[in-house]
Amino acid sequence: MKKLQTRDITRLAIVAALYVALTLAPGISAFSFGAIQFRISEILMLLAFYNPKYSWSLIIGCLISNIFSPALGAADLVFGTLATAVACLLIVLINNRNYLLWLVPVICAVVNGLIVGAELYFVSKIPYWATVGTVAIGEFVVVVIGAVIFYFLMKNKNFSRIIK
């Protein structure tokens, strides 16, 4: 494993902080938790596709964000963070093949739908399949938007160099 340099650690910390800020920002945080989610910070999941080291930023950012979960508390710390970790693992396994970029929204939607849906079902007694659907749809929409943004951003050599 390659040793992390100060620049790498700084970038990872910035991405984790950005995830938290995009989750908890006033006006946005109302859509970051619950059965219907449009967590804008999930756009950053695309970073794990381009560089696996960003998985750590996303997992830590999600963990910190879930500390502030208004209704689910400790369950969101465990299961919400688990969903991000599993999604990151699966994204890393598809190994940055550009033609597989469009699988990232599917992976995120399915993983978050199933895990967060189960969490909401067991903690809040919200119907499982309905919650799986609403969480998955919100996740899919946000990450598709992210995939389109990253598709064009990665064409910029400077941006691509920084991310990779």
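## The largest cavity

In this predicted model, the largest cavity holds about 100 Å³ of space. A cavity is a set of points on a 1 Å grid over the protein atoms alone where a 1.4 Å probe fits but cannot get out, and lining residues have an atom within 4 Å of a point. Grid points are joined across faces, edges and corners, and a volume is the space filled by probe spheres set on the points. The structure has one cavity of 30 Å³ or more.

Fourteen residues line the largest cavity, and Gln37, Arg39, Gly80, Asn112 and Val116 are the closest to its centre. Helix 3, helix 4 and helix 5 each give two or more residues to this lining; helices are DSSP runs (H or I, at least four residues) numbered from the N terminus. By class, the lining has four nonpolar, five polar and five charged residues. Here Ala, Val, Leu, Ile, Met, Phe, Trp, Tyr, Cys and Pro count as nonpolar, Asp, Glu, Lys and Arg as charged, and the others, Gly among them, as polar.

## Helix 4 and its two partners

Helix 3 (residues 54-66) and helix 4 (residues 74-93) pack at an angle of about 165°, their axes lying 9 Å apart. Axes are lines fitted to C-alpha atoms, for helices over the stretch in contact, and angles run from 0 to 180 degrees between N-to-C directions. Helix 3 and helix 4 are therefore roughly antiparallel, the term for angles over 145 degrees. Their crossing is right-handed, meaning that the near helix is turned clockwise from the far one by less than a right angle. Contact (heavy atoms within 4.5 Å) involves residues including Leu58, Cys62 and Asn66 of helix 3 and Gly80, Thr84 and Cys88 of helix 4. By class, this contact has eight nonpolar, five polar and one charged residues.

The axes of helix 4 and helix 5 (residues 104-124) come within 9 Å and cross at roughly 160°. Helix 4 is therefore roughly antiparallel to helix 5. Among the residues making this contact are Phe79, Gly80, Ala83 and Leu90 of helix 4, together with Ile107, Val111, Asn112 and Val116 of helix 5. The contact of helix 4 with helix 5 has 15 nonpolar, two polar and two charged residues. Helix 4 passes helix 5 in a right-handed crossing.

Helix 1 and helix 3 have axes that come within 8 Å and cross at roughly 35°, and the crossing is right-handed. Residues in this contact include Arg11, Val15 and Tyr19 of helix 1, and Tyr54, Leu58 and Gly61 of helix 3. By class, the contact has 11 nonpolar, four polar and one charged residues.

The second largest pocket holds about 190 Å³ of space; a pocket is an open set of grid points with protein on both sides within 12 Å along at least five of seven lines. Its lining includes Arg11, Val15, Tyr54, Phe150 and Phe159. Helix 1 (6-24) and helix 7 (157-163) each supply at least two lining residues, and helix 1 gives the most, with four. The lining divides into 11 nonpolar residues, no polar and one charged.

## Basis of the values

Residues are numbered from 1 along each chain as its sequence is written, and side-chain values use heavy atoms, with hydrogens and water left out. As this is a predicted model, local features need pLDDT of at least 70 and side-chain atom pairs count only at pLDDT 80 or more, whereas totals for chains, interfaces and linings use all residues.

Conventions: Angles under 35 degrees count as roughly parallel, over 145 as roughly antiparallel, 65 to 115 as roughly perpendicular and the rest as oblique.
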